Amino acid sequence: MYWRRAALAGTWFVRGGSSSAGRLGGTAGASASGMGNSASSSLGDAAMAPVTQIQETISDNCVVIFSKTSCSYCTMAKKLFHDMNVHYKVVELDMLEYGSQFQDALYRMTGERTVPRIFVNGTFIGGATDTHRLHKEGKLLPLVHQCYLKKKKREEF
Ligand SMILES: N[C@@H](CCC(=O)N[C@@H](CS)C(=O)NCC(=O)O)C(=O)O
Ligand code: FES
């Protein structure tokens, strides 16, 4: 039973993860993600559909990278944001018990089930190649900043 509601809101259950040792979250998750950025996440709830969990995660985080630990395209995408000093959230699908269901959900949402699948400011921007292109065109950082501004405005209320 891997999809129990976590004591802490915001946890994706990982492969074999029936206890805190098996979850991505906090410091352990951040180091597991490789680049020191955030890996804690939205609820891993059995009753909650993958699409809903993905939607929650992308609305809670300005940059979300659905990734696999074994994938160098994914590593390059993480490095791109890391080098821009942009905080990103990573979901390592190969570490999730139901990673393949999440890939199916991503397919329904984006038309591809490949990794990486990258969302900025709540919107799907593409895979690794698309994201690098956006960056080259100078369009990536503005999208991130739009999200920061939006968040800031929300906090003022
Ligand atoms: N042009 C795409 C290529 C994506 C791609 O081919 N990803 C491979 C891994 S590099 C993949 O997801 N394979 C299927 C899988 O891992 O489930 C991009 O830049 O993201
Ligand atoms: S680069 Fe080979 S799996 Fe992504």
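1. Burial first: 45% of the 157 residues of the protein chain count as buried, where buried is under 20% relative accessible area, exposed is over 50% and partly exposed is in between (1.4 Å probe, protein chains only). Keep in mind that this is a predicted model, in which local features need pLDDT of at least 70 and side-chain atom pairs count only at pLDDT 80 or more, while totals for chains, interfaces and linings use all residues. Residues are numbered from 1 along each chain as its sequence is written, chains are lettered from A and ligands numbered from 1 in the order in which they are written, and side-chain values use heavy atoms, with hydrogens and water left out.

2. Now the fold. The protein chain has 6 helices and 6 strands, taken as DSSP runs (helices H or I, at least four residues; strands E, at least two) and numbered from the N terminus. Along the sequence they come in the pattern β-β-α-α-β-α-β-α-β-β-α-α. Of the contacts (heavy atoms within 4.5 Å) with a separation of 6 or more, 62% are between residues 24 or more positions apart.

3. Next, the packing. The largest nonpolar core has 17 residues; such a core is a set of buried Ala, Val, Leu, Ile, Met, Phe, Trp, Tyr and Cys residues joined through side-chain atoms within 4.5 Å. Val-63, Ile-65, Phe-81, Ile-118, Val-120 and Leu-140 touch the most other members. Strand 3 (63-67), helix 3 (72-83), strand 5 (117-120) and helix 6 (140-156) each put in at least two residues. Apart from this core lies another, of 15 residues, including Val-64, Leu-93, Leu-96 and Ala-105. As background, nonpolar side chains in soluble globular proteins tend to be buried together.

4. Which residues does Leu-140 touch, not counting residues up to four places away in sequence? Leu-80, Phe-81, Met-84, Val-120, Ile-125, Thr-131, Leu-134 and His-135.

5. On to the ligand. Around ligand 1 (a heavy atom within 4 Å) sit Lys-68, Cys-71, Tyr-73, Gln-103, Thr-114, Val-115, Pro-116, Gly-127, Ala-128 and Thr-129. By class, this shell has 5 nonpolar, 4 polar and 1 charged; here Ala, Val, Leu, Ile, Met, Phe, Trp, Tyr, Cys and Pro count as nonpolar, Asp, Glu, Lys and Arg as charged, and the others, Gly among them, as polar.

6. For Thr-129, a side-chain N or O atom is 2.7 Å from an oxygen atom of ligand 1. Ligand 1 has 500 Å² of accessible area on its own, and the protein covers 61% of it.

7. Please look at the Val-115 to Pro-116 peptide bond: it is cis, with omega near -5°. Pro-116 sits in the loop between helix 4 and strand 5 and is buried, at 2% relative accessible area. Leaving aside neighbours within four places in sequence, Pro-116 is in contact with Ile-65, Phe-66, Tyr-73, Cys-74, Ala-77, Gly-126, Gly-127 and Ala-128.

8. Cys-74 belongs with that point. This residue is in helix 3, and its relative accessible area of 0% makes it buried. Beyond four places in sequence, Cys-74 touches Ser-67, Lys-68, Val-115 and Pro-116. Between the C-alpha atoms of Cys-74 and Ile-118, 44 residues apart along the chain, the separation is 9.5 Å.

9. Two asparagines also need a look at the backbone. Asn-85, in the loop between helix 3 and strand 4 (89-92), has a positive phi of about 65° although it is not a glycine. Asn-121 has a positive phi of about 55°, again without being a glycine, and is found in the loop between strand 5 and strand 6 (123-126). Are they buried or exposed? Asn-85 is exposed, with a relative accessible area of 73%, whereas Asn-121 counts as buried at 15%.

Definitions and conventions. Polar contact = N/O pair within 3.5 Å; in protein donor to acceptor, adjacent residues only side chain to side chain. Areas by Shrake-Rupley, 256 points an atom, 1.4 Å probe, with all protein chains shown as cover.
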